[in-house]
Amino acid sequence: MAFFEYGEREIQYLTEKDKVLGEAIEKIGHVERKVNPDLFGALVSSIVDQQISTKAGQTIWKRMCDGLSEVTPETIGKCPVEELQAFGISFRKVEYIKNAARKVLDGELNLEALHTMSDEEVCRELSSLKGVGVWTAEMLMTFSMQRPDVFSFGDLAIHRGLRMLYHHRKIDKKLFEKYRRRYSPYGTVASLYLWAIAGGAIEGMRDYAPKKK
């Protein structure tokens, strides 16, 4: 099992740049988040997981892996639509998955070439696929490609973590960009800690967002 790789260099940089985050990092310790280096498999899994529970997504993914032996552009390309739907995948998601496989097989999308591109180029390429938005592309960059400086404005848990850590009531784009610049070039590691904070890793921290009436 693989985890997102980071170490003392990233921790030291973030701690020197931001003492508040540094104190949180010290309290939380090392964060282990699973990664899937197989970018195509991670892409298919991310489409499967959309708008369903984590448990349901895991069940469907296991069925796919058992049924296809391996999830590759080739196995997806050969698999009939009805068989993919039988795993528990909606017709629309099957369409998205088939489309991604076709683009890889036709050479329209070169997954290996993505590793040589900038973050902006990778995000643009991935989010151009049907069923893959910017947030999904950023999560693939984080949990499959292990890009070091991904800090997603579209991630609600990161907004929550920022509010909890810095006592903000709201995180607008301008404020978010301030933190992005501060954490760069290790925005992904900052994200790991903000996710942990949002999930309750530090006792006594609360969300300062105004309560909905």
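**Exercise 1.** What percentage of the chain is helix and what percentage is strand over residues 50-199, and how far apart are the end C-alpha atoms?

*Solution.* The model is predicted, with local features needing pLDDT of at least 70 and side-chain atom pairs counting only at pLDDT 80 or more, while totals for chains, interfaces and linings use all residues. Residues are numbered from 1 along each chain as its sequence is written, and side-chain values use heavy atoms, with hydrogens and water left out. Counting DSSP runs (H or I, at least four residues, for helices; E, at least two, for strands), residues 50-199 are 67% helix and 0% strand, with 20 Å between the end C-alpha atoms. The unreviewed UniProt entry places "domain: HhH-GPD" at residues 50-199, an annotation that may be inferred rather than shown by experiment.

**Exercise 2.** Describe the interface between domain 1 and domain 2.

*Solution.* Begin with the bounds, which come from an automatic or database assignment: domain 1 covers 2-33 + 150-199, and domain 2 covers 38-144. Their C-alpha centres lie 27 Å apart, and the contact (heavy atoms within 4.5 Å) takes nine residues from domain 1 and six residues from domain 2.

Next, take the buried area (accessible area, 1.4 Å probe, lost on putting the two parts together, summed over both), which is about 640 Å², with 68% from carbon and sulfur atoms. In domain 1, Val-150, Ser-152 and Trp-195 lose the most area to domain 2, together 57% of what that side buries.
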